[in-house]
Amino acid sequence: MEPALRALALCPARCGRWWRGLGSRSAPGGEEGPAPGGGGLPTPPPRGAPQPGGGARTAREGPARPRHQRGERGPGLRESWSWRDGDCPRAWKRLERKPLSVGRAEGSEILFGIMPCSLALSQPRRALFRLFLKQDSGSRQALRREFVLQAAARGVPVLHVRRRELDALCKGQVHQGVCLEATPLRFKSLEEAGKPSVRDEESPERQLVWLVLEQIQDPMNLGALLRSAYFLGVDRVVTSQRNSCPLTPTVSKASSGAMEVFDVYSTDDLRSFLKAKSAEGWEVVGTVSRPEEVENIPVISCLEFRWNKPVIIVIGSEGDGLSLETQLLCHRMLAIPPGRALHPGIESLNVSVATGILLHSICSQKLRHRD
């Protein structure tokens, strides 16, 4: 590709002005005039034409080519070739990086990822505004068609956009080629939930497992907790309102969409809630990573825990664990035994990983009772 044509490909606006100005440059004789070949782009000489510098030109060889085609850089062309110093590519990159402005409905948020968007479209829990799909998604054409059908069933407009527009919508998160504008999900209050009676006749259906979260702040942890709770059969998740992560699109993505189909409740008075459930006959079980730090409360391995009545498992925050006030409301504390001697500083597990292990140990008993 000729250097001038490469410049045009890199920066059409700037190099287009250069080509247009080329026609009005001074000719070798000092006269103003159009570029050879008319006012458009100069055409390269035909293949096999004689090269310049070989003596006087004949009429058969045609008119002399302009300087830019002979590889010469006259004084008038130096400014036009400033893109070689990096000016034009930098301007083009700035244009590419410029965030795109996308108008949104007031109070809406952007869900991202295949499963969160698909499950949100399948449930009536949110008001939906627009579905954004990546153009030319290659091997995911069938998936795109499914999304279009889901959106049509809900009456949601579909927009096919470029990847960088999706990146701008979800602020650089991993969107997998799909975003959905929707109203946020809120925690449900405990008053909205039914109140199962634990004093009914003993039956497998009365073996309830609730997961209570105290001040979980990381959205990735909250999403992973919801995914594990949904998968392992937890009946209800309750979180404290104070210092807890809200139900954001990041939580939905980390839960692989479980947040879209699984109700999450909250309470502004966690201790009163635990006291009330304990009075109703529920067993309140806390969790601890260092058993030696717990006083006046029995600590047992999760492998030894047995239960025959409704149970609440209380999980503490990422850094501090359960508060002392919450610990004192627990009947027992559960610990996960390590598989080796641990180095100082890595004696504990990530909160979502630890919760998954505990829930599997407890919920597997629930499944055996139903067999």
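Predicted model: local features only at pLDDT ≥ 70, side-chain atom pairs only at ≥ 80, totals over all residues.
**Entry: partners of Asp263**

I then checked what Asp263 pairs with. Asp263 forms a salt bridge with Arg125, and the closest N and O atoms are 3.0 Å apart. I noted where the two residues sit: Asp263 is in the loop between α8 (249-254) and β8, while Arg125 is in the loop between α4 (114-122) and β2 (128-134). They are 138 residues apart, and the pair links distant parts of the chain. Arg125 has a relative accessible area of 30%, which means that it is partly exposed.

Lys188 also forms a salt bridge with Asp263, with 3.4 Å between the closest N and O atoms. I placed Lys188 in strand β5 (residues 188-189), 75 residues from Asp263 in the loop between α8 and β8. This pair, too, links distant parts of the chain. Lys188 is partly exposed, because its relative accessible area is 28%.

**Entry: Arg290 and Glu347**

I looked up another pair. The side chains of Arg290 and Glu347 meet in a salt bridge, at 3.6 Å from N to O. Arg290 lies in the loop between β9 (283-287) and β10 (299-301), and Glu347 lies in the loop between β12 (332-335) and α11 (351-370), so the pair ties together parts that are 57 residues apart in sequence. I have Arg290 down as partly exposed, with a relative accessible area of 32%. For Glu347 the relative accessible area is 32%, and Glu347 is partly exposed.

**Entry: network and total**

How many salt bridges does the structure hold? I wrote down ten. I also found Glu109, Arg126 and Glu260 linked in a network of salt bridges.

**Entry: negative patch**

Which residues gather in a patch of negative charge on the surface? I listed Glu191, Glu192, Asp268 and Asp269. Residues in such a patch have over 30% relative accessible area and no salt bridge, so I checked one of them, Asp269, against that cut-off. Asp269 has 36% relative accessibility and therefore counts as partly exposed. I located Asp269 in the loop between β8 (264-267) and α9 (270-279).

Conventions: Residues numbered from 1 in each chain as written. Heavy atoms only, no water. Patch = residues over 30% accessible without salt bridge, like charges linked within 9 Å, V, L, I, M, F, W, Y side chains within 5 Å. Areas by Shrake-Rupley, 256 points an atom, 1.4 Å probe, with all protein chains shown as cover. Salt bridge = Lys/Arg side-chain N within 4 Å of Asp/Glu carboxyl O. Lys, Arg positive; Asp, Glu negative; His and termini not counted. Charge placed at Lys NZ, Arg CZ, Asp CG, Glu CD. Helix = DSSP H or I, 4+ residues; strand = E, 2+ residues; numbered from the N terminus. Buried < 20%, exposed > 50% of the residue type's maximum accessible area, 1.4 Å probe, protein only.
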